[in-house]
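I opened my notebook to look up a few things in this structure. I wrote each one down as I went.

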There are 2 protein chains.
Amino acid sequence: MGATLQALIYCRDPEAYRARLERLGSPARLLCAGSPEEAAQLAPSADVLFSWHFPPELYASARRLRWVQAMGAGVDDIVAAPALDRAVWVTRIVDQFGGMIAEYVFSELLARVRDHAALRLAQAQRSWKPFKAGTLAGATIGIAGLGSIGGEIVRKARAFDQRVYGLSRTARAYELVDRGFGQDEWLPFVRDLDVLVLALPLTPATEGVVGARVLEAMRPKSLLVNVGRGRLVREVELVRALQERKLSGAILDVFEEEPLPAESPLWTLPGVTVTPHVSGPSIVDQVAQFFHENLQRFAEGRTLQGMVDRAAGY
Amino acid sequence: MGATLQALIYCRDPEAYRARLERLGSPARLLCAGSPEEAAQLAPSADVLFSWHFPPELYASARRLRWVQAMGAGVDDIVAAPALDRAVWVTRIVDQFGGMIAEYVFSELLARVRDHAALRLAQAQRSWKPFKAGTLAGATIGIAGLGSIGGEIVRKARAFDQRVYGLSRTARAYELVDRGFGQDEWLPFVRDLDVLVLALPLTPATEGVVGARVLEAMRPKSLLVNVGRGRLVREVELVRALQERKLSGAILDVFEEEPLPAESPLWTLPGVTVTPHVSGPSIVDQVAQFFHENLQRFAEGRTLQGMVDRAAGY
């Protein structure tokens with residue numbers, strides 16, 4: 001390997017990752033930065049960057065950098081950074097978030113269909129008010145994005161006896177679903193859905209893909225769930241569609257701007273559930289393990305896991 | 001058939017069932033009673049009773065009665081009625097409630113693990129407060145009762161990647177689960193569980209089976225879910241166990257007395273969710289269809305579906 005490999009860990013609590021990586025026996029020297037100032041100092045010495053929301057202007061000074069491992073599944077901010085040399089590899093975490101994100105989706109769908117709001121209120125009033133609950137069974141769910149996250153949503157939808165449609169860039173994934181649609185088939189895809197779930201990466205091809213045209217093609221009783229990225233949806237057009245009852249509601253974990261500004265109408269629109277980007281939490285141990293394995297591969301000159309096609313954007 | 005077969009429909013809204021049964025082409029003349037007074041008048045003319053909470057003392061005057069079809073899955077009140085002749089057949093609805101009840105169980109478990117209470121409060125305050133959610137995956141769920149309802153709970157637990165234990169009177173059902181326990185093995189069954197779900201029928205063998213001894217064998221962080229019958233649990237002992245933190249909480253849809261009395265401590269005990277017997281709603285169309293098919297079988301002298309073993313009690 002020649003000179004010692006240096007990996008810079010950048011996030012709010014880099015020491016938590018360093019401790020775990022050292023326990024696993026890191027093949028690299030580990031540097032830690034917890035603020036943009038520290039990152040600016042250490043960026044020029046890093047061969048490898050393991051990071052969450054790295055300040056994009058600092059890529060210009062990272063002259064030794066050969067590889068960036070994102071701490072999450074989405075890498076839209078990294079691939080879009082103009083200062084990041086095209087020759088630098090980018091990898092993302094794969095196969096870790098699907099289970100958690102699918103739990104989020106079904107936790108929210110079930111809370112609505114079983115009317116938890118009414119149940120909790122009745123309990124608070126010591127009031128016994130039976131009613132007939134609805135069911136997820138038999139409804140049609142459409143999942144845009146059939147990667148490892150979409151795949152887990154499909155699997156749970158099957159257990160709830162739903163009909164499952166999917167939209168994907170690659171026809172290979174259609175075997176997972178009852179009906180597959182291509183990326184130019186949004187309108188026929190959404191037309192019959194009870195629930196549309198966005199589990200797509202944010203790329204130039206998907207940015208703003210859910211706008212007025214798609215929202216107007218949805219059924220008035222249908223629901224939008226976004227666990228992908230906020231900018232998949234044109235938020236202004238979503239607000240208008242909700243106000244005009246083009247769809248019945250939305251469950252949103254991601255937004256064009258995060259934190260969601262206090263003045264956003266989404267906080268209080270009827271039928272809208274807002275959550276603060278909690279659907280797919282990183283588990284430090286798992287993310288550290290993923291990076292550790294990739295770091296060993298890197299040190300040994302082997303192919304990396306989760307390699308991003310920077311032209312496709314994911 | 002000789003004289004015309006007469007079926008008495010007894011529930012709050014018997015006409016809803018009569019309309020459906022007539023549309024299906026009933027082989028019997030259909031009588032309707034919506035109150036105990038009407039039932040008292042019509043009981044002596046009924047060959048068949050299709051009922052929900054029939055007044056048990058009226059069985060004495062039902063001298064032509066040969067068969068009772070319950071409108072639900074539980075028949076504890078019917079088999080326990082001393083005035084019901086031992087020769088009268090009892091049938092219950094089977095294979096209709098599993099999906100709904102399993103949705104109830106996972107809706108409530110997911111709402112806890114994803115902390116919906118905190119999410120809803122933060123949204124009401126327009127406050128962006130991310131946190132790391134827990135997960136159902138990897139937890140051990142134990143299901144007491146592996147009939148059609150327990151079986152559906154097992155199926156959904158698998159989709160959430162849980163370890164599944166089961167307790168059943170019959171070893172045949174053990175193949176569904178990772179570890180099976182017999183009815184005399186409650187203590188080893190509950191010892192390692194994160195969640196104990198009761199999906200048992202109420203019989204002399206199961207009444208009060210979950211009392212202080214079982215509750216004390218549970219882990220302090222574990223949760224009890226009752227979707228069976230209230231009297232499976234000794235409620236006073238459950239309240240004490242919750243107060244003494246022998247377990248962390250309970251999700252209760254059924255109670256010793258229903259409606260749950262306003263003075264019950266369960267309404268306000270920390271960690272307790274109370275719902276008004278809504279986990280397995282009857283769907284009129286499906287229940288009517290089930291009875292219709294059984295009525296045709298009865299008229300043709302064929303075996304009935306959902307036949308209850310009155311000695312076993314279910």
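**Entry 1: cysteines**

I began with the sulfur of B:C11, whose closest cysteine sulfur is in B:C32, 7.9 Å away, too far for a bond. The model is predicted, and I kept that in mind throughout. A disulfide needs two cysteine sulfur atoms within 2.5 Å, so 7.9 Å rules this pair out. Is B:C11 buried or exposed? I found B:C11 buried, because its relative accessibility is 8%.

Next I turned to chain A. Which cysteine sulfur is closest to that of A:C32? I found the sulfur of A:C11, at 7.9 Å, and this too is too far for a bond. A:C32 has a relative accessible area of 14%, so I noted A:C32 as buried.

How many disulfides does the structure hold over all chains? I counted zero.

**Entry 2: the two chains**

I then superposed chain B on chain A. What rotation does this take? I got 180°, with 0.0 Å of shift along the axis. The RMSD came out at 0.1 Å. The two copies are therefore related as by a two-fold rotation axis. I also checked the contact residues of chain B, and 100% of them recur in chain A. The same surface serves both copies.

**Entry 3: B:I149**

Where does B:I149 lie? I placed B:I149 in helix α6 of chain B, which covers residues 148–159. Its relative accessible area is 18%. Buried means under 20%, so B:I149 counts as buried.

What is B:I149 in contact with, leaving aside its neighbours within four places in sequence? I listed B:A73, B:F97, B:G98, B:I101 and B:A199. B:G72 and B:I149 are 77 residues apart in sequence. In space I got 12 Å between them, C-alpha to C-alpha.

**Entry 4: B:S168**

My last stop was B:S168, in a loop of chain B. The loop runs between β7 (163–167) and β8 (179–181). Is B:S168 buried or exposed? B:S168 is buried, because its relative accessibility is 7%.

What does the side chain of B:S168 reach? I found the backbone oxygen of B:T170, at 3.1 Å. I then left aside the neighbours of B:S168 within four places in sequence and looked for other contacts. B:L146, B:A173 and B:Y174 are among them. I also noted B:F181, B:G182 and B:Q183 as contacts of B:S168.

Terms used. Residues are numbered from 1 along each chain as its sequence is written. Chains are lettered from A and ligands numbered from 1 in the order in which they are written. This is a predicted model: local features need pLDDT of at least 70, side-chain atom pairs count only at pLDDT 80 or more; totals for chains, interfaces and linings use all residues. Side-chain values use heavy atoms; hydrogens and water are left out. Helices (H or I, at least four residues) and strands (E, at least two) are DSSP runs, numbered from the N terminus. Buried means under 20% relative accessible area, exposed over 50%, partly exposed in between (1.4 Å probe, protein chains only). Contact means heavy atoms within 4.5 Å. A polar contact is a pair of N or O atoms within 3.5 Å; within protein, one must be able to donate a hydrogen and the other to accept it, and residues adjacent in sequence count only if both atoms are side-chain atoms. Copies are superposed by least squares on the C-alpha atoms of residues with pLDDT of at least 70 in both.
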